[in-house]
Each structure stands twice: as structure tokens, then as C-alpha cells.
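I opened a notebook for this structure and wrote down each thing I looked up. The entries follow.

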Amino acid sequence: MDDIKEKIKQALRHIWTNKYRLFLCLLTLCCLFGLIHYFKSADSATASISFNYSEAALGMNPNKTRFNAYEIVSDEVMERAIRRVGLQDSLTASQLAECLYLSPDGTGSANGSEYISTNYYLSINTRKLNLGNRKPTDLLQSVCESYREIFLSNYCDNQSILKEKLEVTTACEPYLRLNELEVRAAALNRYLNARLGENKSFTDEANPDPSTNNFTTLGKMINNLVDYDLPNAMAFVIEGGVARDPAMLTSILEYKNKIDDIDMRTQQAYYDADKKGISIYEKSMTSIMMIPTVDEASEYYMSRTKTAMDALARAADASLADATDYQSEIVSTNYVIQKIRELDAGQLRLAEAQAMVNKLETAINEISEQLFVLDKAYIKYKSQNYITFTYGSASFLQRLSLKKTLMESVAVMLGSAWLLHERKRRKARHRR
């Protein structure tokens, strides 16, 4: 024990005697490691990602689909980010993904309940990449903005119906084509009405044209198409018996009527079965289901609970309504068949009908394009804060990593002292 104490005292005396040399050595090592960390940090950048919509805390995207934060390192995002900074010839998607590190902030449980993080940290280390004159921050920002674009495009709103373009036909069957146009116009009208339900006052400031920079005016254009232009064209075709191939069209319509007749008979059978089920109920059973109830004014009344007979009655009403719709459709189709067989429209009326169809096709495409541009501006407006990025900029001291630098310097000095001590001990043994 005394021997150990003596050795410690000798070591402390040695340190004190060489304190200036040791301090200078420590300072030199700190400068060396500090410079290494400083230049290494030039290859790194960090960003904080926040998802600021209500569904994010439930692990969902704005459109209620499942959220996956790691899509930020997907090939689609990587390729777009590389194109944005112009590194297609020197960088691949897999190489970029290997340099990115994503981690959630705060995922876990609190107060006994699980919660999902809505904040993530994204860092990049480009030491192994050839960026030329570009900085790591530039590449990280490109990744973040590329992810934002893809996220808003895929998970905010489905604009696929607005992206589709109608073919402008040259030799169509007018009656069949007008039915297709009615379906298309109705779909656009539903989409626009949903937008009007969200925000009636939105205006695209980048578009100075008041006839196309808001949903209200576009809605009037679609309503005119649905309520006037399409019905007028359809009336012209039906009342004139216009058909490019009368035999083929009547054959198609007759087959349609057969299908509708089968559906009508099926719904009628459902109605008859439900009606028979209702008639089987005894009157005494319905009276048992009356119970005393208090209304909002605290007045008693006899309320009948929902019974199987109620379900049968609702099912019967629905079946009868469907059967009636099919019957009406059959009558309308028979009228079209009759007109085609009775009238010979001729090439002049066929050409006129074709021109009307082409005009409607062009009008629907134009409205669809105008609605797409306006809707894209609206999505950008309403989702501008769905994802926010905060880019970290390390200070001079942070880039030096002082704590790590000091620990490394002390470790090197201790290691050197131990090696020096071992060397002296071996020499002493060798002399003996």
C-alpha cells in the first residue's frame, strides 16, 4: 500500500514539474482534434421536420392513408432531389439514401398511453459524395423540398380526375359519346362542389383572370355545361334519331334494356319479399314494442323501438326505388330506339351532331385544365404549413465539438504516458 502511495506521489510530482509542457501538449492536441472535427462537420447538415396536420398524431396522412416517414429516403424522393441540384451524372439514389439518417423525436408513451411523433430529425453526411461546388445544406434542402412536393401530390388530394384529358373524337357515335361526357362533367361538378364546401372565397392571386381564378365562377361554367349544353346536344341527337351506325346502336341499347330489365325484376322481387315479411308480422307484436319515453320538454310519449319490421320497411322502400329507376331507364332507352328506327337523320345532321360533341369535348377539357390549375394553387395554399423544415446551422464552437475534442486529447495523453511508462520499465528490466 505504501509503495502504491509513493508511486502516485512521484507521478503527481512529475506532472507538476512538467505542467507547462503537459499543458502545451494538451493544447496542441485539442487544436489538432478541433480542426479535424471542424473540417469534418463541413460535410454534414441537419434539419428538423414537423408534420402540422391533425391526422399526423394518429399516424395518418391528410387523406387518411397510413403515414410512413421513411418515405423521405425513397428512390422517388432521392431521384427528384438529385435532379434539383443537377447531380444526375455523379450521384445515384442509393448513394444519397445511404448518407441520410432519419430519427423520430419523442415517439413512445406518456401517462400510460401511446403517442406517435410528429417531429423528426434528418441529417446528412456527404463525406463520401462528390458534390462539386455544392454544399451539404443545399443537398439536404433539395431532399426536403422534393419530399414536400411528393407528399402534397400523393397524400393531400387526389387530382387524378383533373389530370385526365378527353380525346377529341372524329367519328364517334354521338349518343354514346354524350353519355360519356355527362359522366365526366358530373364528376368535375362533384369535385368542384366539394371545394366550394371547403372554401368559397379562395382566389388564386397569381391568376388575374376573374373568370377562372376562383371556384364560384368555374362552378357556373360547369353548371351551364351540365344543365344546358349537354341536355341540348342530347335532345338534338335523340329527337333527330342521329346515329352513325343505327343497327349497331340499337343492338347495344336493346342489350342494355335486357340487363336493366333483369335488374328491375330482381329489385321488384326483393320488394315483394320484404313486403310479404312485413305482412307476416302480427299487430300484437308491434304494440309490445311501444315504450314510455321523455321528450326534450320532459313530456311522456310512447315510442316504438326499431324492430325487424322497420328494417324490412326500409329495405322494401330502397328496392322499390331502384326498380322504379330501372323501369324509367328502360322507357327512356326504348324511346331512343324508336326514334333511331323511325327517322333517317342523314349525314348533314350527323356532321352537326359531331361538331356539337367536339365542342363539348373541348369545353370539358378546358374547364378541367382551368380547375386543375386553380385547385393546385388552392392545395398549395391550404397545405403550406402541413410540413415545415427547420435547418440547423452549427456555430463555430459546435463545429469544434469541444467536449469530444477534450476527451480525445486527454485519452491520447494518458495513452502516451502509459506507453512511455511501459517503455521505461522494460529498459530498467533490461539493465538488470
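**Entry 1: confidence.** What is the mean pLDDT of the chain? I am reading a predicted model, and its mean pLDDT is 78. I noted that 71% of the residues reach 70 or more. Helix α8 (residues 215-239) has the highest confidence, at 91. Confidence is lowest in strand β3 (residues 108-110), with a mean of 46. I also marked residues 395-400, where pLDDT stays under 50. For that stretch the model has 12 contacts beyond four places in sequence.

**Entry 2: the whole chain.** I looked up the secondary structure and found 14 helices and eight strands. The chain has 432 residues, and 34% of them are buried. Its accessible surface is about 27600 Å². Carbon and sulfur atoms account for 56% of that surface. I then took the contacts between residues at least 6 apart in sequence. Of these, 77% join residues at least 24 apart.

**Entry 3: Asp274.** I went to helix α9 (residues 246-280), where Asp274 sits. Which side chain of opposite charge is nearest to Asp274? That is Arg314, 10 Å away. Asp274 is buried and has no salt bridge. I looked for what surrounds Asp274 beyond four places in sequence, and found contacts with Leu312, Ala315, Ala316 and Ser319. A polar atom of the Asp274 side chain lies 3.4 Å from the backbone nitrogen of Ala316.

**Entry 4: salt bridges.** How many salt bridges does the whole structure hold? My search found 15.

Arg80 pairs with Glu149, with the closest N and O atoms 2.9 Å apart. Arg80 lies in helix α3 (residues 75-85) and Glu149 in helix α5 (residues 136-155), so this pair ties together parts 69 residues apart in sequence. Arg80 is partly exposed, at 27% relative accessible area. Glu149 is partly exposed too, at 34%.

Glu254 and Arg341 form another salt bridge, at 2.1 Å from N to O. Glu254 is in helix α9 and Arg341 in helix α11 (residues 308-342), 87 residues apart. Glu254 is partly exposed, at 32%, whereas Arg341 is exposed, at 56%.

Asp260 is buried, with a relative accessible area of 10%. Lys256 is partly exposed, at 30%.

Definitions and conventions
Residues are numbered from 1 along each chain as its sequence is written. This is a predicted model: local features need pLDDT of at least 70, side-chain atom pairs count only at pLDDT 80 or more; totals for chains, interfaces and linings use all residues. Side-chain values use heavy atoms; hydrogens and water are left out. pLDDT is the predictor's confidence in each residue, from 0 to 100. Helices (H or I, at least four residues) and strands (E, at least two) are DSSP runs, numbered from the N terminus. Contact means heavy atoms within 4.5 Å. Buried means under 20% relative accessible area, exposed over 50%, partly exposed in between (1.4 Å probe, protein chains only). Accessible areas come from the Shrake-Rupley method with a 1.4 Å probe; for residues, only the protein chains shown count as cover. Lys and Arg count as positive and Asp and Glu as negative; His and the chain ends are not counted. A salt bridge is a side-chain nitrogen of Lys or Arg within 4 Å of a carboxyl oxygen of Asp or Glu. A polar contact is a pair of N or O atoms within 3.5 Å; within protein, one must be able to donate a hydrogen and the other to accept it, and residues adjacent in sequence count only if both atoms are side-chain atoms.
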